[in-house]
Amino acid sequence: MAEKKYAFESGKISLALILPLGLGDCVVARKIFNAIVELDPNCVIDTFCLSDKHKVFANAFIGDSKNLNLILLCEELTAELLPKYDLCLRIEGTSMILPDSGNVERLQSLSPALFETLVKIDAYNKQNVYSIGSSFISCSLRNLVMSRILRKKYTYFLSCGGA
């Protein structure tokens with residue numbers, strides 16, 4: 001059996017995308033996945049899921065993307081692997097995009113559009129997400145702001161709390 005080749009082994013901008021739990025959240029995750037690919041059409045993405053059931057959801061929603069490399073379980077994203085990715089994003093309930101780690105210099109150099117969007121998301125998160133006790137309070141506002149940041153219609157994010 002051939003050994004797995006992780007996204008970071010591709011030489012291109014690599015992402016570890018940690019998906020949310022539910023089927024509905026996976027629908028929104030597909031929209032976020034597509035927005036990332038629009039920002040960097042050559043990026044390579046490994047997706048991490050909490051269970052085999054969620055891997056089935058991920059495959060159903062993003063399995064047809066040429067940018068998808070592997071669908072793995074979260075337990076496979078070890079502390080040793082994490083820093084090898086150019087970017088690790090968690091998509092949380094209410095579809096918050098939370099950057100976990102990244103190679104800032106490489107992202108800025110090789111994928112400026114993705115980098116600039118992440119800077120905007122980070123600024124937004126600092127002001128509106130991390131300071132709020134419950135993320136559900138700002139779902140509609142987050143949808144509106146993120147739709148403007150990613151230059152999508154408000155309905156692009158359905159009603160799932162902005163991404």
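**Entry 1. Salt bridges**

A salt bridge is taken here as a side-chain nitrogen of Lys or Arg within 4 Å of a carboxyl oxygen of Asp or Glu. I worked throughout on a predicted model. I searched the whole structure with this criterion and found two salt bridges.

I looked up aspartate 64 and arginine 30. Their side chains meet in a salt bridge, with N to O at 2.7 Å. Aspartate 64 sits in the loop between helix H2 (52-62) and strand S3 (68-73), and arginine 30 belongs to helix H1 (residues 23-39), so this pair ties together parts that are 34 residues apart in sequence. I then checked the accessibility of both partners. Aspartate 64 has a relative accessible area of 62% and is therefore exposed. Arginine 30, at 21% relative accessibility, counts as partly exposed.

I turned to arginine 106, which forms a salt bridge with aspartate 86; their closest N and O atoms are 2.7 Å apart. Arginine 106 is in helix H3 (residues 104-110) and aspartate 86 is in the loop between S3 and strand S4 (87-92), so the pair ties together parts that are 20 residues apart in sequence. I recorded a relative accessible area of 24% for arginine 106, which is partly exposed. Aspartate 86 has a relative accessible area of 4% and is buried. The contact between the side chains of aspartate 86 and arginine 106 also qualifies as a polar contact, at 2.7 Å.

**Entry 2. Aspartate 46**

I next asked where aspartate 46 is found. Aspartate 46 is part of strand S2 (residues 44-49). Is aspartate 46 buried or exposed? I found a relative accessible area of 0%, and the residue is therefore buried.

I listed the contacts of aspartate 46, leaving aside its neighbours within four places in sequence. They are Tyr6, Ala7, Leu15, Ala16, Leu17, Asn69, Leu70 and Tyr85. For alanine 7, I looked at the polar atoms as well: a polar atom of the aspartate 46 side chain lies 2.8 Å from the backbone nitrogen of alanine 7.

**Entry 3. Cysteines**

I searched the whole structure for disulfides and found zero. A disulfide is a covalent bond between the sulfur atoms of two cysteines.

Cysteine 74 is partly exposed, with a relative accessible area of 22%.

I also checked cysteine 43, which counts as buried at 2% relative accessibility. I then took the separation between cysteine 43 and glycine 11, which are 32 residues apart along the chain; their C-alpha atoms are separated by 9.5 Å. Glycine 11 lies in the segment before strand S1 (14-18). With a relative accessible area of 55%, glycine 11 is exposed.

I computed the span of H1. This helix has 17 residues and reaches 25 Å from its first C-alpha to its last, close to the 24 Å expected at 1.5 Å a residue. I listed its buried residues as Cys26, Val28, Ala29, Ile32, Phe33, Ala35, Ile36 and Val37.

For H2, I found His54, Phe57, Ala58 and Ile62 to be buried. These residues cover an arc of only 100° around the axis, so they lie on the same side of H2. On the other side of H2, I found Asp52, Lys53, Val56 and Ala60 exposed. Against which elements do the buried residues of H2 pack? I recorded H1, S2 and S3.

**Entry 4. Whole protein**

I counted five helices and five strands in the protein. From the N terminus on, I read the order of the elements as β-α-β-α-β-β-β-α-α-α.

I noted that 47% of the 163 residues of the protein count as buried. I then considered the contacts with a separation of 6 or more: residues 24 or more positions apart account for 63% of them.

Terms used:
Residues numbered from 1 in each chain as written. Predicted model: local features only at pLDDT ≥ 70, side-chain atom pairs only at ≥ 80, totals over all residues. Heavy atoms only, no water. Helix = DSSP H or I, 4+ residues; strand = E, 2+ residues; numbered from the N terminus. Buried < 20%, exposed > 50% of the residue type's maximum accessible area, 1.4 Å probe, protein only. Polar contact = N/O pair within 3.5 Å; in protein donor to acceptor, adjacent residues only side chain to side chain. Contact = heavy atoms within 4.5 Å. Disulfide = S-S within 2.5 Å. Expected span 1.5 Å × (residues − 1). Arc of directions from axis to C-beta.
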